[in-house]
Amino acid sequence: MMQWQIELDAAIEAARKAGSRLREIAETELEVISSRGRDIKLRADQESEKIIIETLGGVSDIPVLAEESGESEGFRDSECGWMIDPVDGTLNYSRGIPPCCVSIGLWEKDNPVLGVVYDFNRDECFYGVVGEGAWCDGKEIRVSGREDVSQAIIATGFPVNRDFGENGLQRFLNQAQKFKKVRMLGTAALSLAYVACGRVDVYTEEEIMMWDVAAGIALVLAAGGWVDIKRSERLVHARTVFAAASSSLQV
Ligand code: LIP
């Protein structure tokens, strides 16, 4: 049996259960709990998170960091931690824009271990274990292997915690101009899954929250990609992430 198989199976089960409930909820009226700044919270985020935490709790006592409920007891002192985004791409989900997903990662301190990203609208499940491999619905996936920036697609986003100040936008423009195409899917987790399977070549975002990217980073590494992660000076659970098919795409 592959290392981390039990945890991987539990994460896939949790993501699928939550995703199927999210598909049901999308058919009815979506309840907005709060809409502050650039962020939006739905009742569905909370419901999905509860399903995930209960399912994972059935097979492991690993503490969690989750978007809605924050850190569970013992998270900071634990070797391992689940990182959960019950709906990544909440705004897309709330407006019926298809790209959105459930994202569940497992990390050992600062090292990604495994990731599951479930696109419940397409019923497409990406999963992988670092050092073991990555798959989409049973089929092995690899990063594109592209090395020429002028031929590469970069996916990015503007995180909820950042302003849209000129410095940040200028940095983005300087980077974007070097690539063939730019995509903003509205979900960091799915963007990273797309790097892992070669649909896009790079994902980058400044000060993105860990629950948005933990699973996707694990997927990119498991699929043979390259990742650079920098801690945020302002936010304990935020990181600046550059994940790519190859280190030569770093600009
Ligand atoms: C979203 C990210 C997206 C980012 C948004 C937001 P949420 O996550 O995945 O890439 O640009 O600001 O953080 O809030 O939908 O889970």
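Mentor: Let's start with pairing: two strands pair if DSSP finds at least two bridges between them. Strands here are DSSP runs of E with at least two residues, helices are runs of H or I with at least four, and both are numbered from the N terminus. This is a predicted model, where local features need pLDDT of at least 70 and side-chain atom pairs count only at pLDDT 80 or more, while totals for chains, interfaces and linings use all residues. Residues are numbered from 1 along each chain as its sequence is written, and side-chain values use heavy atoms, without hydrogens and water.

Trainee: Which residue is the bridge partner of V202 in β15?
Mentor: A244 is V202's partner there.

Trainee: How do you know that β13 and β15 pair?
Mentor: Six bridges join them, and pairing asks for at least two, so they qualify. The two strands run antiparallel.

Trainee: What makes β12 and β14 edge strands?
Mentor: The open sheet has the order β12-β11-β13-β15-β14, with mixed pairing. β12 (181-183) and β14 (226-231) each have a single partner strand, so one side of each lacks a neighbour in the sheet.

Trainee: Why is the largest set of 49 residues called a nonpolar core?
Mentor: Because a nonpolar core is a set of buried Ala, Val, Leu, Ile, Met, Phe, Trp, Tyr and Cys residues joined through side-chain atoms within 4.5 Å. Buried means under 20% relative accessible area, with exposed over 50% and partly exposed in between (1.4 Å probe, protein chains only). V117, F126, Y203, V213 and V220 have the most contacts inside this core.

Trainee: Which element gives the largest share of this core?
Mentor: α6, with nine residues.
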